[in-house]
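Notes follow in the order I took them.

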Amino acid sequence: MTKPFLLEIGLEEMPAHVVMPSIQQLEKRVRDFLEEQHLTFGTIKTYATPRRLAVLIEDLADKQADIHEEAKGPAKKIALDAEGNWSKAAQGFVRGQGLTTDDITFKALKGVEYVYVEKSIIGKPVETILPELKAVIMAMTFPTRMHWADYDFEYIRPIHWIVALLDDEIIDFSILNVTTGRTTQGHRFLGQAVILAKATDYEATLEAQFVIADEAKRQNLIQTQIETMAQENDWQVDLDANLLEEVTNLVEWPTAFYGQFDPKYLEIPEEVLITSMKDNQRYFYARSQAGDLLPVFIGVRNGNTDFMENVIAGNEKVLTARLEDADFFYHEDQKVTIEQNVAKLQNVSFHDKIGSLAEKMTRVGLIAQFLGQKFGLSEAELVDLQRASDIYKFDLVTGMVGEFAELQGVMGEKYALLQGETPAVATAIREHYMPISAEGALPATKVGAVLAIADKFDSMADFFAVGMIPSGSNDPYALRRQAYGIIRILENQNWHFPMADYQAAMSDIVKQQADFNLDWSTNADAISDFLTDRVRQRFNGMRPKVRRDIVDAVLKNQSQDPVVMFEAAKVLSDHQDDADFKATVEAVTRVLRLAEKVDFATTDLTVDPALFENEAEKALYTAVEDLRGTIATNPLADNYGILQTLRPLIEAYFDATMVMAEDEAVRRNRLTQLMIIAQIALTLGDLNELIVNK
């Protein structure tokens, strides 16, 4: 027999951004709990609003499944003493199983007899198990927590009520001073408390009290209301998915409405207007069919249509105040030149241990030119890059960015164009912040991409230089995100970035050109490791997923170049199912292991054929020498092809040759030969990390 079960946690209003993660967490924790308790169940339906998290479990078994299992104990020779009596080991074993020695049987396993017992665990009634959900509720985690009254317990918001109904029966337990029951709360203003007769009444009962508990239904209703409004007014409305989800989780009974603002504000850049509406007020904006921004906004009220005129007027008043501020700042900012704003940056601290924003811009300008030349920018692009790096933070001291921090870079681009900067310079000012999230959009221009890398690398190197290295979850300056952004831009632009070489070069440039009291060589290895970890992060996000052992191999690529790592991973992934992949890897890794034994340092990898003692040495030497000159410039796919070609020759070489010969000259000659092959392999990575089982 099965029954439905409802669990609802009633809370003070939660922030919108935690509603969906919280209900997903609750659903998983409840599901895991039921499975651990051997309780079968059907579908779990979730409900979430700002004031409640709930799960309705269908077809929950009325008791745990009975468990019948066989337990293996000590060997018979240990279980019985010389007189045939049960030993302490046997007695302890059965006691631990809740049985007696009368329950023991013997069974042979690989020719040895062992003690076995069979036991049955009768499942408990579900009513006795469900109260343990108290621990599930209290174990939930949240990005921010609070405590209330005199309790030490912390939660996302204070708990006001808990419903726990097994069909029509209350499951009793308490959290702090809140005891489970069958009473839930309707809409804070439109509804009232209501008693649930049984679990399955939940959704319909709440809807009668002006609460749409199903988040998908609420979202669909909002979307339908706005689309109807847009159709009636001949508007185009961008139903941004993130904003739609946020608004859905701000309300329990949604009613969409629209208001207007003075068309004079359309003279302000539309990014400012959209930020004011979307980010600050959670409004949707509308465009004409021609694509022009319209002086209207669309909001969603947590209530019905009563007194809607007052609601619209109040929202119009709030938005107008914001737009009035924006209009003032927009016109006042244009009275100040870019150079005047740049001068102000001398007095703006980037960080008290690092220096001013003006100093940061100087460093970024130096390394941006270095990187621009390495990445092959044209002379014209380098000129634009220099100008952009000279001014790119100027908008941080403008009134508009001071009021609307989300517009940094955006207003820099607008103001730069108004003051006569080239489009390339203006675009780079905006793009240097990109990506603004882990998987956000990347710079579209080369100048913007170089400036973005230079700015992010400077931030990372600065903080590492003063010992402020992220650890654990602690990353207050978002250095992980910035480093990941560097990797994504390099991948997108296919720009080579040998970490150790470029780090050392940039460190020298900064040190030689100006005294910033920063030593970028400090923790240089940690910077390389930090960037390499971000390459691993990028691999983890790729679809189809790259095999972990392949990732481990290519991350140890001798060039420490992310782009080469990505290319090497593709090559190895393309060949991982080849019939000769295992044989090729095994042959090469044997070479690598022996090459590691080289105890002499030399850049002159010259092999002397006069020291050869068999034909296999000659054959391998001839093949390698014919291909050796192209290794450095080859695509990695070609280098893997060389290793495939050499594989039978390597196998024959090892069959015929003792590498570690007693004669030192012969031994060194053979190791040098293997070193050359190892260098080919290392262009792909450390193939010792590969796992080949077939």
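**Cavity, pockets, rings**

The model is predicted. I put the space in this largest cavity at about 40 Å³. Which residues line the largest cavity? I listed Ser 507, Val 510, Lys 511, Leu 518, Asp 519 and Trp 520. Sorted by class, that lining has three nonpolar, one polar and two charged residues.

I noted a volume of about 810 Å³ for the largest pocket. Its lining counts 28 residues, and those closest to the centre are Gln 408, Tyr 433, Met 434, Ile 436 and Arg 481. I then checked which elements give two or more residues to this lining: strand 17 (349-351), helix 12 (357-374), helix 17 (446-465) and helix 18 (479-493). Helix 17 gives the most, with four residues. By class I wrote down 14 nonpolar, six polar and eight charged residues for the largest pocket.

I moved on to the second largest pocket, which holds about 400 Å³ of space. I found 17 residues in its lining, with Gln 558, Ile 631, Ala 632, Asn 639 and Thr 683 closest to the centre. Helix 22 (562-575), helix 25 (636-656) and helix 26 (664-682) each supply at least two lining residues. Which helix gives the largest share? I noted helix 26, with three residues.

Then the rings. I got a count of 22 aromatic pairs. I looked at one of them, Tyr 47 with Tyr 202: the ring centres are 5.2 Å apart and the planes stand at 65°, so the pair is edge-to-face. The cut-off I needed here is over 60 degrees for edge-to-face. I traced this pair to distant parts of the chain, with Tyr 47 in strand 2 (residues 44-49) and Tyr 202 in helix 6 (residues 202-208), 155 residues apart.

Trp 520 had already come up in the lining of the largest cavity.

Last, charges over rings. I found Lys 107 over the face of Tyr 116, 5.7 Å from the ring centre. I found the charged end of Arg 590 over the ring of Phe 654, 4.1 Å from its centre.

Terms used. Residues numbered from 1 in each chain as written. Predicted model: local features only at pLDDT ≥ 70, side-chain atom pairs only at ≥ 80, totals over all residues. Heavy atoms only, no water. Phe/Tyr/Trp six-rings, centres within 6.5 Å; stacked < 30°, edge-to-face > 60°. Lys NZ or Arg CZ within 6 Å of the ring centre and 35° of its normal. 1 Å grid on protein atoms, 1.4 Å probe; cavity = no way out; pocket = protein on both sides within 12 Å on 5 of 7 lines; lining within 4 Å. Points joined across faces, edges and corners; volume = space filled by probe spheres on them. Nonpolar A, V, L, I, M, F, W, Y, C, P; charged D, E, K, R; others polar.
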